[in-house]
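User: Could you take me on a close look at the site around the ligand? I would like to know what surrounds it and which contacts are made there.

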Amino acid sequence: MSNTIANHLENTLYQISVAAKLAQRDPATIQLLAVSKTKPVSDLVLAYQAGQRHFGENYVQEGVEKTLALAHLNDIIWHFIGPIQSNKSKFIAQHFAWCHSIDRLKIAQRLNNQRLPSQAPLQICIQINIDNEASKAGIAPEDLMSIAAEIEQMEHLTLRGIMAIPKASDDYATQLSSFGRLAALYEQLKTRYPQVDTLSMGMSGDLNAAIASGSTMVRVGTGIFGKRQ
Ligand SMILES: *Cc1c(COP(=O)(O)O)cnc(C)c1O
């Protein structure tokens, strides 16, 4: 039986490399995060066997269960990318390597306190509500530098960059507009904090525009694992 997940993964990596070349970028500067929310552990194993190592999860309980089920695959790098309720922050702090969805200072403080001293610092992206949508999490662009300054001081967190989910659009020019504004914020952050190296943007439907705009990490679910229920 053919492994469609391996095929989809290969196609996604190919799409990344084509988009990178069109943008005159080195494809190796773009990390693929496989977004596996709602998908069974067996699907993650297929992606792992095909070489994938970075996985993104949106729901705390489901994500923690997967990290435990796959603990033996100890080179998986787990990213939390979903909305964060403060009463669940401890599970994120202790079971994930990255968190992309920091949208308030209180959550950053909790993660910093809850990360175990024996663990490497939690790698952080601040989520930006780039198109000012009521339905989306994330801080306003103008609040980025002040929250970044606070996170930068936290011993158990390492500030790596920003993440966003722009307003859904099939129009390439519209996609470029949101991604361009994110890229400008990213450059501003990078200038202040040299360790910042992650612009987490681009999903199955807007990968090409994200890469053209400078994304360093694309988060692909449907394109690898197929449609979700
Ligand atoms: C679900 C999700 C993705 C992946 O979306 P696809 O369209 O399935 O590629 C990426 N980022 C976040 C934050 C998500 O919640």
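Analyst: Happy to! A word on terms before we start: Ala, Val, Leu, Ile, Met, Phe, Trp, Tyr, Cys and Pro count here as nonpolar, Asp, Glu, Lys and Arg as charged, and the others, Gly among them, as polar. Please also keep in mind that this is a predicted model.

Let's begin with the place itself: the ligand sits in the largest pocket. Around the ligand you will find V35, K37, N58, I81, I165, M203, S204, R219, V220, G221, T222 and R228. Sorted by the classes above, this shell holds 5 nonpolar, 4 polar and 3 charged residues.

Now for the contacts. N58 brings a polar side-chain atom to 2.6 Å from an oxygen atom of the ligand. R219 also uses its side chain, with a polar atom 2.9 Å from a ligand nitrogen atom. G221 takes part through its backbone, where an N or O atom lies 2.8 Å from an oxygen atom of the ligand.

Since you are looking at contacts, here is one between two side chains of the protein. Side chains of opposite charge can pair when their charged atoms come close. K66 and E62 form a salt bridge, at 2.6 Å from N to O. Both residues belong to helix α3 (residues 60–69), where they are 4 residues apart, about one turn of the helix. Across the whole structure, a search finds 7 salt bridges.

Definitions and conventions
Residues are numbered from 1 along each chain as its sequence is written. This is a predicted model: local features need pLDDT of at least 70, side-chain atom pairs count only at pLDDT 80 or more; totals for chains, interfaces and linings use all residues. Side-chain values use heavy atoms; hydrogens and water are left out. A residue is near a molecule or strand if one of its heavy atoms lies within 4 Å of it. A polar contact is a pair of N or O atoms within 3.5 Å; within protein, one must be able to donate a hydrogen and the other to accept it, and residues adjacent in sequence count only if both atoms are side-chain atoms. On a 1 Å grid over the protein atoms alone, a cavity is a set of points where a 1.4 Å probe fits but cannot get out, and a pocket is an open set with protein on both sides within 12 Å along at least five of seven lines; lining residues have an atom within 4 Å of a point. A molecule sits in a cavity or pocket if more than half of its atoms lie within 2 Å of its grid points. A salt bridge is a side-chain nitrogen of Lys or Arg within 4 Å of a carboxyl oxygen of Asp or Glu. Helices (H or I, at least four residues) and strands (E, at least two) are DSSP runs, numbered from the N terminus.
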